Amino acid sequence: MKIIVVESPKKAKTINKFVGRSFIVIPSYGHILDLPKNDFGIYLNKGKLEVKYVLKNRKFISIIKKFLNKVSEFILATDPDREGEFIAWSIARFIKNKKIYRIRFFEISPRAILQALQNKEKINQNLVSAQKARRYLDRIIGYTLSPILWKEKIGSSAGRVQSAALRLIVEKEIEICNFIPKKFYELEVDFKEFKAYLLNKKGYYQFLEDKKSELERIKNLIKDKEFVLKEIIKKKKIIKKPTPIDTALLQRIAFLKYKFSAPLTMKIAQSLYEKGYITYHRTDSFNLSKAFLNKIKSYLGNYYENPIKIRKKFSQEAHEAIRPVYLTKYLPLTEIERKLYNLIFDFTLSACSKNGLYEEIKYILIPENSSQYKFEAKGEKLIYDGFLKFYPFKINFKELPEFEIGIKLKPYKINILEKTTKPPKRYTESSLIKKLKELGIGRPSTYAEIIKILYKRRYVIKEKNYLKPTETGIKVIQFLENRFNYIIDLKFTANMEESLDKIASGELDYEKFVIDFWKKLKNIL
């Protein structure tokens, strides 16, 4: 008899369908060990780290001990990332005198489980070290800065990634508050079927505020004239297909399509993964397996084209992008699961299809006997749909009526449009995640948790789907910038993520890294 250990009961139930009677699949219900809740738990003793862990799940450990004399080996099948590796390492500490193996799979399917069981490995200590380093750093920063905030009666907590994300939101708010709108004008000629706009010397539609009187003069000059179509400019343009889906992209498209929050998206994705319907949902990989590409090639036929390849300097351990395990939409799902699953399904088809192609068309018109003024109308015409056939977001093409050069057209109406420059928009959950990813701050498993904490601490509120910092959130950032700018510096936070990646690949010693940082922080204090 052999034991397979996973984190959740749902995952255990799914895997149990695929393995024979010689296996028992049991859930650990998440973490087994953690740092203490009401104690720092990390100490420096003669230049070495000493860490105090507390047991979170005594019931699970008692079940493990009951099995010790009945089974030949333990197979640890926790999630294929650093956190999963740490959980596997934690469980292994309680198993004595038995064979212990680690298996990794990125989808819960008979093929993937069988393949994993045929390729059993050891626990990857580098990944365990990377997770330890992340946890210790967050504890050191949190337990150092948070009490200072309490003492100053400013906020309830500070954190390495949490504070960097809050800084972005606050800086955006300051940018919006400091924004000074400027007026500009456009001269629009309405031909009913389409509209054309006067071009300035640089070829744009916008005229500054001091040009309004000139536009009034031109309007009076051309108001009774016919316009001649002088030139037609046509240019074919590619509409690039999307990449396959990683965690950050999943959270963004779920927000754009359904306004799902990041935590909700990850909760639904977790369920879909554990039921065996999508691949592992915490990943920053854009790769798709050869076996899947062969299947989708047959499914898409002439629409198929290899997905975009993106090479990254550092990447989390998940080997594949998020994709459906089976090429079907007919699955037993709840309504909310079906929405996210169909989004993943359609987006994956799009990522494996050909680019779209459209033609951009410009009409250059001039008023009769006033050739010094050029008016432009723009339109598009779809030539080949490609990935757009499956794409879950609609792209509209504004077509122009077909005319030949030389035709004369009488305007229906001529307008001077007064407009003002718009302030930058606040971040949505989607755009914040995109920005964090661009800056290299946080990792797939952390985005949703970051946002959740900002709401929980009341540093941020949601206003019409946009993230607005509260007075407390602004005060926290102002205080940290004045006293601990080094800690919440965006480059510092991104460089720290890079260091954690180096620990995961065995290039950096985690203990030395943590101790060096701790000493720097003490010097700042």
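Modeller: Contact means heavy atoms within 4.5 Å. This is a predicted model, in which local features need pLDDT of at least 70, side-chain atom pairs count only at pLDDT 80 or more, and totals for chains, interfaces and linings use all residues. Residues are numbered from 1 along each chain as its sequence is written, and side-chain values use heavy atoms, with hydrogens and water left out.

Colleague: Which residues of α5 and α15 meet on that criterion?

Modeller: On the α5 side they are Asn-126, Leu-127, Ser-129, Ala-130, Ala-133, Arg-134 and Leu-137, and on the α15 side Met-496, Glu-497, Leu-500, Ile-503 and Ala-504. The contact of α5 with α15 has 8 nonpolar, 2 polar and 2 charged residues. Here Ala, Val, Leu, Ile, Met, Phe, Trp, Tyr, Cys and Pro count as nonpolar, Asp, Glu, Lys and Arg as charged, and the others, Gly among them, as polar.

Colleague: Why is α5 called roughly antiparallel to α15?

Modeller: The axes of α5 (residues 125-151) and α15 (residues 490-504) cross at roughly 150 degrees and come within 7 Å. That angle makes α5 roughly antiparallel to α15, because angles under 35 degrees count as roughly parallel, over 145 as roughly antiparallel, 65 to 115 as roughly perpendicular and the rest as oblique. Axes are lines fitted to C-alpha atoms, for helices over the stretch in contact, and angles run from 0 to 180 degrees between N-to-C directions.

Colleague: How do you know whether Ser-129 is buried or exposed?

Modeller: Buried means under 20% relative accessible area, exposed over 50%, and partly exposed in between (1.4 Å probe, protein chains only). Ser-129 has a relative accessible area of 16%, so Ser-129 is buried. Ser-129 is found in α5 and touches Ile-503 and Tyr-510, not counting residues up to four places away in sequence.

Colleague: How many residues does the chain have, and what percentage of them is buried?

Modeller: The chain has 525 residues, and buried ones make up 52% of them.

Definitions and conventions. Helix = DSSP H or I, 4+ residues; strand = E, 2+ residues; numbered from the N terminus.
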